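Trainee: I'd like to learn how to read a predicted two-chain model. Could you walk me through it, one feature at a time?

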Amino acid sequence: MSYAPSPAALEKIEGTIALYPEKPAALLPVLHIIQGESGFISAAAEAWAAAKLGLRPVRVREVLSFYTMFRRAPAGRTTLQVCRNLSCALAGADDILGLIREKLGIGPGETTSDGAVTLVTAECLGHCDHAPCLQVDGVDHGPVTRETVAALIEELKAHV
Amino acid sequence: MSENGVRLLPLDDDSWRLEAYLRRGGYEAARKALTSMAPKDVVAEVCQAVIRGRGGAGFPAGMKWSFVPQGGAGPRYLCVNADEGEPGTFKDRLVLRRAPHALLEGMVITAFAVGIRTAFIYVRGEYALVSGRLEEAVAEARSAGYLGPRVLGTDFGLDVIVHHGAGAYICGEETALLESLEGRRGQPRVKPPFPASVGLFRSPTVINNVETLAAIPQILAHGAGWFLGRGVAKDGGTRLFGVSGAVRRPGIYELAVGTPLRQVIEVHAGGPPEGRSIKAVVPGGLSAPVLKADEIDVPMDFDSLARSGSMLGSAGIIVIPDGTPMLDVLHVTARFYAHESCGKCTPCRIGTSWILKAVRRLRRSGGSPADLDLILRLAEGIRGRTLCPFGDGAAMPIRAIVTKFRDELERAVAR
Ligand SMILES: Cc1cc2nc3c(=O)[nH]c(=O)nc-3n(C[C@H](O)[C@H](O)[C@H](O)COP(=O)(O)O)c2cc1C
Ligand code: SF4
Ligand code: FES
């Protein structure tokens with residue numbers, strides 16, 4: 001298995017590296033670009049990024065395993081991030097999360113068997129004035145209700 | 001400068017555009033600094049204004065800048081902390097979306113004052129879309145000559161790079177932010193040396209919060225005396241108070257530092273909804289120890305909140321309504337800290353996860369009031385014994401919930 005970014009992604013990666021006084025500082029942005037294009041960061045992509053930035057592979061692995069937004073395996077077509085910190089909890093986040101688990105038949109960290117949705121929990125998305133809130137592929141939704149969430153899930157299931 | 005310019009947060013729809021910002025007198029404060037003041041006079045003015053860091057710790061910005069060594073040939077950097085991860089905090093998001101040029105102008109003034117030519121804005125990963133306008137604002141400012149090699153036609157130059165994190169609360173801690181920006185795990189560094197002497201890429205570095213920097217233009221435009229006069233004696237200006245939880249109008253309110261907490265909640269945010277009352281309030285993000293309903297007649301400035309046994313922190317106010325089980329609040333709090341500990345030092349790594357275990361036992365049957373003492377002992381074992389302030393930030397609010405609501409928690413456990 002080998003990895004090569006698309007020409008467009010490669011151009012972006014090289015432009016990004018050039019912004020930083022020291023190459024390794026571009027690691028997070030480079031991983032974001034790779035994940036943005038491939039959906040996750042494969043072992044081959046990991047090795048590629050290490051070589052590109054002149055880093056030992058373990059340095060890349062350390063970073064991947066530290067940050068919650070990086071994925072080392074493919075995820076669903078849509079990622080649903082549900083906030084469960086205090087402002088959202090006061091507004092019924094547990095109930096919303098329960099409803100989502102029931103509708104999708106999966107728990108946080110899991111992906112539906114048809115590959116439609118990956119569910120994860122979040123610790124404050126900085127949208128507390130719209131509690132309870134969630135993010136659908138990075139797009140903020142809130143305040144959500146049982147009804148809006150149920151409709152959202154139907155939409156995500158239908159979207160292939 | 002128009003009267004409008006004194007407010008950090010304009011609320012009209014196009015306020016984030018360069019043209020709208022210029023109409024309100026934008027970049028005039030930077031012009032004044034760059035064309036008529038010496039860098040050291042800018043630092044002096046900001047020192048006199050006593051603007052305290054809006055990221056949480058409340059350190060005076062001018063004093064922080066004055067710690068950067070003078071002279072020397074190497075580079076120095078400015079890092080803007082836009083990691084905004086403290087639960088209950090959503091103010092920087094509003095600046096990034098509504099007033100990105102106020103931030104950029106504040107950065108120009110700061111960089112000029114300290115002799116910096118390169119700045120990074122570290123934006124939390126979850127704000128990738130929120131920061132779209134910021135990135136547009138950077139491009140707009142660069143092509144109009146407010147950033148770039150010759151800012152406002154002078155020979156002062158500033159490059160700005162927007163950098164995205166990838167999901168880790170601890171990266172808001174300033175030295176963890178530097179590690180992360182250098183492409184490593186976000187684990188705090190031992191201090192000293194402080195970033196002002198050894199920071200990003202081993203160079204002198206200033207780190208300030210988004211809101212702190214966005215308020216700097218006001219100081220230059222209206223003078224230190226004016227700015228200080230808008231707050232209290234040792235804490236100048238206005239703050240962006242974020243109010244969430246059980247209030248009629250959750251949102252951000254820009255009010256004078258020192259505005260009473262009760263007034264922020266009841267007058268500005270409309271108080272609790274019909275038929276509800278306040279049980280407790282977290283006054284400054286989840287790390288700030290909770291206040292009981294009868295403790296909220298306190299001015300919202302750093303020193304007053306510290307005297308009340310809590311902290312102003314990020315000024316993110318969470319209103320907890322009557323009927324909320326405090327065991328649930330304790331659980332959310334314990335879970336957050338156990339999840340976010342970076343794991344570098346033992347008291348924090350082990351302590352936060354044991355506290356969470358004890359809280360989970362209390363929530364199932366099988367716990368006993370003795371577990372509450374265990375939680376307090378574990379919190380005590382963390383407090384003051386860790387590498388970075390995250391440890392205290394975990395121990396203090398947990399201790400406050402357990403001690404202030406002990407009776408309720410014991411009743412809940414007995415059942
Ligand atoms: C665990 C932890 C998390 C923090 N998170 C943030 C944050 O999200 N944003 C922020 O500006 N400061 C945060 N801080 C405070 C920073 O370490 C630092 O004091 C601040 O960025 C300095 O800027 P200021 O003086 O303008 O506030 C955090 C501190 C700790 C200990
Ligand atoms: S106190 Fe916690 S977050 Fe801070 S360095 Fe230690 S383990 Fe990491
Ligand atoms: S607590 Fe959910 S967005 Fe802040």
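Trainee: Where in chain B does B:Glu84 lie?

Mentor: B:Glu84 sits in the loop between β1 and α5 of chain B. Helices (DSSP H or I, at least four residues) and strands (E, at least two) are runs numbered from the N terminus. Some ground rules: residues are numbered from 1 along each chain as its sequence is written, and chains are lettered from A and ligands numbered from 1 in the order in which they are written. This is a predicted model, where local features need pLDDT of at least 70, side-chain atom pairs count only at pLDDT 80 or more, and totals for chains, interfaces and linings use all residues, while side-chain values use heavy atoms, with hydrogens and water left out.

Trainee: Which side chain of opposite charge is nearest to B:Glu84?

Mentor: Lys and Arg count as positive, Asp and Glu as negative, and His and the chain ends are not counted. A salt bridge is a side-chain nitrogen of Lys or Arg within 4 Å of a carboxyl oxygen of Asp or Glu. For B:Glu84 the nearest opposite charge is B:Lys91, 4.8 Å away, and this buried residue has no salt bridge. Buried means under 20% relative accessible area, exposed over 50%, and partly exposed in between (1.4 Å probe, protein chains only).

Trainee: What lies 3.0 Å from a polar atom of the B:Glu84 side chain?

Mentor: The backbone nitrogen of B:Arg93 does. The general idea is the polar contact: a pair of N or O atoms within 3.5 Å; within protein, one must be able to donate a hydrogen and the other to accept it, and residues adjacent in sequence count only if both atoms are side-chain atoms.

Trainee: Which backbone nitrogens does the side chain of B:Glu86 approach?

Mentor: A polar atom of that side chain is 2.9 Å from the backbone nitrogen of B:Leu286, and the side chain reaches the backbone nitrogen of B:Ser287 at 2.7 Å. B:Glu86 lies in the loop between β1 (77-82) and α5 (91-98) of chain B. B:Glu86 is buried and has no salt bridge, with B:Arg124, the nearest side chain of opposite charge, 10 Å away.

Trainee: What is B:Glu86 in contact with, leaving aside neighbours within four places in sequence?

Mentor: Contact means heavy atoms within 4.5 Å. The partners of B:Glu86 include A:Cys124, B:Tyr169 and B:Tyr337.

Trainee: How many residues does each chain bring to the contact between chain A and chain B?

Mentor: Chain A brings 38 residues and chain B brings 54 residues. Buried area is the accessible area (1.4 Å probe) that two parts lose on being put together, summed over both. Here that comes to about 3500 Å², 60% of it on carbon and sulfur atoms.

Trainee: How many salt bridges are there between chain A and chain B?

Mentor: The count is 3. On the side of chain A that touches chain B, α2 (27-38), α4 (57-66), α5 (86-90) and β4 (139-141) each supply at least two residues. Of these, α4(A) gives the most, with 5 residues.
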